[in-house]
Amino acid sequence: MRHTLLQRGLLGMLISGLLVGTAQARTLETAYGDVEVVDHPERVVTLYEGALDAALAAGVTPVGAVTTRGGDNVAEYVTDYLHANELEHPEIVGVVREINIEAVLAQQPDLILAAAQLPEEQYQLLSQIAPTVVPHTQPLAADNWEAEARLFGQALNQEEAIEEAMAAVDLRAAELAAAIAAADVGGTAFLARWMPSGPMVMSTQLIATGLLEKVGLDVQDAGLIKADSAHSDVLSLENLSQVDGDWLFLATLNDDGQAALESAKQSAAFNRLNVVQSERVVPVNGQLWSSANGPLAAQAILDDIENALLP
Amino acid sequence: MLLTKAGSSARWRCSSRHWMLILLTALVAVSVVSLLIGAGSVGPRQVLGLISGSDHAEARFIVWELRAPRTLIGIAVGVALGVAGALLQAVSRNPLAEPGLLGVSAGAAFAVSLALVLGASAATLRIPVAQLGALIGCVCVLSVARLRGVGNDPVRLVLAGAAFSGLLGSLSALMLLYDQRAADEIRFWVVGSLAGRRLDDLWAVLPSLLVAGAGVVLIARPLAALALGERAASGLGHRPGLIRWLAVGCVALLVGAATAIAGPIAFVGLVVPFVARAIAGPDIRRTLWFCLPVGPLIVLTADIISRVVVAPSELPLGVLTALCGAPVLIAVVRAKRLPML
């Protein structure tokens with residue numbers, strides 16, 4: 001009798017093991033505890049720019065995504081990537097701060113990838129639609145995107161593809177660093193957004209400024225960034241000399257960076273900076289440089305750096 | 001009896017001349033301080049060094065290219081908003097009528113935003129567009145003011161103005177969402193500030209300020225008559241309807257010009273006539289004269305404060321005037337009896 005019980009128990013364990021195997025679920029550690037995800041998610045919705053980027057880098061095209069911050073579509077570098085690889089454009093399911101839950105539901109996702117800042121109330125709703133993967137919140141740091149991309153890669157069961165993509169970024173950055181050192185065009189750098197009343201200096205802890213560091217530039221924030229803030233207040237024009245380094249990367253929300261640079265040059269205070277006089281102001285796309293992250297964004301940022309420093 | 005009245009009038013004239021002198025001296029002093037102090041490291045010592053012949057390029061640039069223009073613009077904006085406030089209060093017979101509170105500034109800012117979204121270049125079209133927006137704002141608000149029951153109650157007019165401002169503000173915000181290209185420029189215009197404004201802008205609005213000034217001189221006497229009531233004004237040979245329209249036109253020119261240079265700056269049009277009336281008494285002509293020094297005095301003082309409180313950044317001037325002006329509004333409303341104009 002006891003014998004058969006043990007046998008049954010073993011048999012039961014075996015069967016349940018098999019059942020788990022056939023359901024093909026894996027468990028991920030997320031900000032809201034352990035989440036079970038299917039082995040091969042087919043309909044992925046990304047509610048975060050970094051998640052969209054990581055999914056594409058891992059070879060998965062999401063069916064739904066949120067817009068880039070302040071825009072009405074995904075970031076331009078993503079559109080370009082989709083176009084170049086003839087991939088289908090994800091449906092827009094809201095903006096990062098305001099997700100359209102009904103639009104998410106309409107996509108019938110089997111996996112949702114969200115931002116670390118996703119509020120718990122939204123998580124509760126979303127996790128009823130599909131397993132929702134939320135990275136642990138960390139203080140602002142230039143390499144946060146790597147840990148997040150890794151988690152998204154695990155969720156998509158594409159760890160290897162993500163590791164390869166990130167290794168490619170590191171390799172490219174190292175090559176660029178060598179080339180920049182050889183050309184001797186390094187030095188100090190600032191990333192700022194220009195307003196007619198003055199610049200807003202961006203943190204040194206963004207993916208873009210982190211990459212600038214990796215290619216050998218000395219990125220500074222003139223001590224203007226308060227803890228855990230992505231950018232400073234508008235700096236007074238009287239203090240412009242504080243951002244007068246060897247390179248100034250000017251993030252613009254407008255499509256036409258050159259036009260934004262021209263309008264900044266209407267300001268006499270801007271025009272007399274050494275960095276402007278020596279034509280080392282680089283207009284860059286604010287969507288990419290101050291909002292996006294992920295392996296593809298990193299490659300696009302490195303493209304911009306290469307074009308600017310090694311023309 | 002007649003003699004004492006004449007005597008008191010002469011005494012009044014004398015004391016008002018004193019007041020004018022004091023205010024003008026204060027204005028000169030504040031203008032000098034405005035050149036001396038800023039958010040940057042160039043302080044009074046370096047600036048005074050310039051006068052004694054030191055060759056500090058940074059200080060020279062900051063004083064002549066940054067602080068001098070914003071001081072001049074501050075003076076122009078203060079005059080325009082102060083006079084516009086006094087006019088609007090006289091026309092609506094309401095001590096709370098203020099271009100910022102009633103949505104006239106919001107109308108101007110909205111019109112500029114709309115023009116930017118429709119593709120106008122910010123540099124050229126802005127001033128006439130802002131003035132047109134201010135005019136439409138004025139007409140809307142004053143037509144509300146003439147509705148039964150609203151005109152008699154100053155606070156209700158302010159409520160109507162607040163609703164109108166809210167509407168225009170949300171429409172501007174909507175356009176911000178809709179158009180990325182213009183977003184940066186609009187953001188810049190919806191917050192009032194004197195920082196980064198160019199002298200070219202001042203020269204561009206100067207003609208319309210002069211036209212408005214001439215208009216004010218023309219209607220000052222009829223406006224004073226209008227304060228006695230419509231019938232009395234008609235009896236004195238004035239045409240109340242025409243005067244009112246001329247005054248509204250002047251307000252639109254002034255507020256449109258000020259908004260086109262500095263963006264909407266709230267409460268200046270309330271506080272300045274309030275102070276000027278306290279000095280000058282109820283006569284609109286004297287009030288208007290006193291608005292000329294008081295307006296720039298208040299705007300420049302606020303601007304200097306806005307530069308130093310959060311250095312190395314600057315607080316937008318519009319935020320600061322709202323912080324200082326709101327208590328005045330509450331004080332006026334809570335006063336036992338609102339002065340009827």
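At what angle do helix 3 (residues 57-92) of chain B and helix 11 (residues 268-280) of chain B pack? In this predicted model, local features require a pLDDT of at least 70 and side-chain atom pairs count only at pLDDT 80 or more, while totals for chains, interfaces and linings use all residues. Residues are numbered from 1 along each chain as its sequence is written, and chains are lettered from A and ligands numbered from 1 in the order in which they are written.

The two helices of chain B pack at about 75°, and their axes lie 7 Å apart (axes are lines fitted to C-alpha atoms, for helices over the stretch in contact, with angles from 0 to 180 degrees between N-to-C directions). Helix 3 of chain B is therefore roughly perpendicular to helix 11 of chain B, a term applied to angles of 65 to 115 degrees. Among the residues of helix 3 of chain B that meet helix 11 of chain B are B:Gly78, B:Leu81 and B:Gly85; the partners in helix 11 include B:Val268, B:Pro273 and B:Ala276. Residues are in contact if their C-beta atoms, placed from the backbone, lie within 7 Å. This contact comprises nine nonpolar, five polar and no charged residues (Ala, Val, Leu, Ile, Met, Phe, Trp, Tyr, Cys and Pro count as nonpolar, Asp, Glu, Lys and Arg as charged, and the others, Gly among them, as polar).

Chain A is divided into domain 1 (15-157) and domain 2 (167-309), with bounds from an automatic or database domain assignment. The C-alpha centres of these domains of chain A are 29 Å apart, and their contact takes 21 residues from each of domain 1 and domain 2. On the domain 1 side, helix 2 of chain A gives the most, with six residues. Twelve nonpolar, four polar and five charged residues make up that side. Helix 2 (residues 49-57) of chain A has nine of its nine residues buried, so it is largely enclosed by the rest of the structure; a residue is buried if 20 or more other C-beta atoms lie within 10 Å of its own. Just after helix 2 of chain A, A:Gly59 adopts a positive phi of about 90°.

The contact between the chains takes 21 residues from chain A and 22 residues from chain B. On the chain A side, nine residues are nonpolar, eight polar and four charged.

The model scores ipTM 0.76 and pTM 0.82. Chain B has a mean pLDDT of 84 (the predictor's confidence in each residue, from 0 to 100), and 87% of its residues reach 70 or more.

Key: Contact = placed C-beta atoms within 7 Å. Buried ≥ 20, exposed ≤ 12 C-beta atoms within 10 Å, placed from the backbone. Helix = DSSP H or I, 4+ residues; strand = E, 2+ residues; numbered from the N terminus. Parallel < 35°, antiparallel > 145°, perpendicular 65-115°, else oblique.
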